[in-house]
Amino acid sequence: MTLARVDSLSFAYPDGPPALRDVSLELRDGEIVALLGPSGSGKSTLLRALAGLVPHFHGGRFSGRVVVDGADTRAARPAELAGTVATVFQDPEDQVVMSIVENEVAFGLENLGAPPETIWPRAGAALAAVGVAGLRARRTAEISGGELQRVCLASALALEPRLLLLDEPTSQLDAGGAEAFLAAIAAAGCAVVLSEQRVGRALDAADRVLYLEEGRLLLDAPVGEARAWL
Ligand code: ADP
Ligand code: ADP
């Protein structure tokens with residue numbers, strides 16, 4: 001089933017050149033999509049658009065349409081998407097506001113109004129799913145960048161989103177960590193869009209590949225076809 005639709009989306013930040021140019025695509029329930037392209041090609045901006053953050057939080061010139069789970073993101077407030085979409089953007093430090101790992105994972109669920117008896121089991125299960133259950137009582141300031149990336153993923157998974165948006169999520173993980181991370185994503189069963197600057201491990205986990213260059217979507221293909229093209 002179609003989960004999200006982007007129709008002829010063009011977007012420029014205030015006073016900036018176009019960051020996205022006439023991008024159209026569809027996301028289906030449960031599929032894993034690798035979003036590739038060089039630095040500055042518009043990957044983060046496309047993720048922000050799918051999260052409903054563009055144009056709400058960034059201003060700028062927006063044309064076209066983004067519909068997620070039936071809601072037009074231009075009309076809906078980003079908070080209305082909170083039950084559907086979870087995001088892990090770059091620099092996990094920016095997102096971590098609580099001092100203890102387990103509280104951090106529970107925080108998003110609390111915001112969604114989940115009752116305590118479901119919050120703690122779900123937070124614990126999400127930490128276990130990404131292999132960092134042992135960190136639950138640690139302070140976020142004391143764990144490594146890679147551990148923090150996994151805690152951020154756990155926070156997003158605990159929300160049980162239908163759409164998970166990940167901006168270069170494995171950048172601070174070693175090979176084993178990245179593999180575990182990608183396995184946790186595949187097991188989650190939700191639709192995932194994950195960006196990566198270089199063609200890397202994400203491709204092994206992906207069903208489909210999107211490739212952006214200078215804001216244009218140059219490729220939208222199943223992973224097998226994309227490998228030959230890249
Ligand atoms: P990315 O890997 O997403 O391209 P960048 O290193 O380009 O990240 O950007 C880092 C931060 O600076 C991001 O929060 C991004 O939104 C912001 N940023 C990037 N380019 C500009 C710009 N031209 N003007 C203002 N902020 C920018
Ligand atoms: P990528 O994620 O592929 O590196 P981005 O979406 O971050 O690309 O950037 C696309 C374009 O938008 C770049 O020209 C970048 O400088 C610009 N840009 C990104 N974030 C901002 C921002 N917050 N303010 C202004 N310009 C930005």
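This is a predicted model: local features need pLDDT of at least 70, side-chain atom pairs count only at pLDDT 80 or more; totals for chains, interfaces and linings use all residues.
The protein contains seven helices and 10 strands. Its radius of gyration is 17 Å, close to the 17 Å that the globule rule gives for 230 residues, so the protein is as compact as a globular protein of that length. Along the principal axes, the C-alpha atoms fill a box of roughly 45 × 40 × 35 Å. Of the 230 residues, 49% are buried. Among contacts with a separation of 6 or more, 66% are between residues 24 or more positions apart. The accessible surface amounts to about 10,300 Å², and carbon and sulfur atoms contribute 49% of this area.

Polar contacts to ligand 2 involve both backbone and side-chain atoms: a polar backbone atom of Ser-41 lies 3.1 Å from an oxygen atom of the ligand, and an N or O atom in the side chain of Lys-43 lies 2.8 Å from an oxygen atom of the ligand. A nitrogen atom of ligand 2 is placed 3.4 Å from an N or O atom in the side chain of Arg-48. On its own, ligand 2 has 550 Å² of accessible area, of which the protein covers 62%.

The residues around ligand 1 are Ser-44, Arg-48 and Gln-90. For ligand 1, a polar side-chain atom of Ser-44 is 2.6 Å from an oxygen atom of the ligand, while an N or O atom in the side chain of Arg-48 is 3.0 Å from an oxygen atom of the ligand. The protein covers 27% of the 540 Å² of accessible area that ligand 1 has on its own.

Helix H4 (residues 145-158) comprises 14 residues and spans 20 Å from its first C-alpha to its last, close to the 20 Å expected at 1.5 Å a residue. Because 12 of its 14 residues are buried, H4 is largely enclosed by the rest of the structure. The buried residues include Gly-146 and the run formed by Leu-148, Gln-149, Arg-150, Val-151 and Cys-152. Their cover includes strands E6 (85-88) and E7 (163-167), together with helices H2 (101-111), H3 (116-129) and H5 (175-188). Just after H4, Glu-160 adopts a positive phi of about 45°.

Technical notes. Residues are numbered from 1 along each chain as its sequence is written. Chains are lettered from A and ligands numbered from 1 in the order in which they are written. Side-chain values use heavy atoms; hydrogens and water are left out. Helices (H or I, at least four residues) and strands (E, at least two) are DSSP runs, numbered from the N terminus. The expected span of a helix is 1.5 Å times one less than its number of residues. Buried means under 20% relative accessible area, exposed over 50%, partly exposed in between (1.4 Å probe, protein chains only). Contact means heavy atoms within 4.5 Å. A residue is near a molecule or strand if one of its heavy atoms lies within 4 Å of it. A polar contact is a pair of N or O atoms within 3.5 Å; within protein, one must be able to donate a hydrogen and the other to accept it, and residues adjacent in sequence count only if both atoms are side-chain atoms. Accessible areas come from the Shrake-Rupley method with a 1.4 Å probe; for residues, only the protein chains shown count as cover. The radius of gyration is taken over C-alpha atoms; the globule rule is 2.2 Å times the number of residues to the power 0.38.
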